[in-house]
Amino acid sequence: ITVTPTLNQANATVMVNGTTVNSGTTSGAINLAVGDNTITAVVTAQDGSTNKSYITTVTRAAATDTIAFNSLANATYGDPPITLSASSNNTDAGAKISYRSDNTSVVTVSGNMMTVVGAGTANITASQDATANFKTAPEVSQPVTVNKANLTITANDQSKLYRSAFTFSGTEFTATGLLKNDAVNTVTLSSNGADVIASAGPYPI
């Protein structure tokens, strides 16, 4: 802000926050911090020795901080980490937006990176603490859906002697599409050709 002092005595002088200002003219810009700010005007009378101080307190409120966090695209289990990119109008140095997940069995968050852990849904919340000139920002949440990855189970070819039965153990298959440390140990397999009375020939499993 600026102040404009006006003197009643023509030969009096005034200093605003230690800087001389001519009567009726505007002072230089005075920076205001958040909270109470004291502005002191010292008037020296025309006799050159009589001084009087005038103190004005100006209160500056913290600015409102607003977060912009766009909706998140669906992900699929196995996708690489995803960068979160919310923004805010907070221009203070060091102002940082933080993120958290409400379902860490679906996605986890470290810094601004979201890592897919499993299929399902979660909410990602962006927040920002108060800084020197801005209030704490209202939190903004966006849902994210992680779809299941594709998995293919292919039965392995088997054979048996005519007039004998074949018993599946549940391990006669090949799994394609497994990720990370996931595993399929057994599946239910069946075939008409496994029966002891099955005629000779090929049968689907």
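Trainee: Which residues lie nearest the centre of the second largest pocket, and what makes a residue part of its lining?

Mentor: In this predicted model, Thr6, Leu7, Asn8, Val43 and Tyr54 lie nearest the centre. A lining residue has an atom within 4 Å of a pocket point. For this pocket, 14 residues line it.

Trainee: Which elements give two or more residues to that lining?

Mentor: They are β3 (35–44) and β4 (51–60). β4 gives the most, with three residues.

Trainee: How does the lining of the second largest pocket divide by residue type?

Mentor: Eight are nonpolar, five polar and one charged.

Trainee: Why are β3 and β4 said to pair?

Mentor: Pairing needs at least two bridges. β3 and β4 have 10, in the antiparallel sense, so they pair. Isoleucine 39 stands opposite threonine 56 in β4. The two strands form a hairpin with six residues between them. Glycine 48 in the turn has a positive phi of about 85 degrees.

Trainee: What makes β1 a partner of β3?

Mentor: The cut-off is at least two bridges. Strand β1 (residues 13–16) and β3 have four, antiparallel, so they count as paired. Threonine 13 has threonine 44 as its bridge partner in β3.

Trainee: What volume does the largest pocket have, and which residues lie nearest its centre?

Mentor: Its volume is about 290 Å³. The second largest pocket has about 230 Å³. Gln158, Lys160, Gly193, Gly201 and Tyr203 lie nearest the centre of the largest pocket, among 17 lining residues. That lining divides into 10 nonpolar, six polar and one charged.

Note on methods. Residues numbered from 1 in each chain as written. Predicted model: local features only at pLDDT ≥ 70, side-chain atom pairs only at ≥ 80, totals over all residues. Heavy atoms only, no water. 1 Å grid on protein atoms, 1.4 Å probe; cavity = no way out; pocket = protein on both sides within 12 Å on 5 of 7 lines; lining within 4 Å. Points joined across faces, edges and corners; volume = space filled by probe spheres on them. Nonpolar A, V, L, I, M, F, W, Y, C, P; charged D, E, K, R; others polar.
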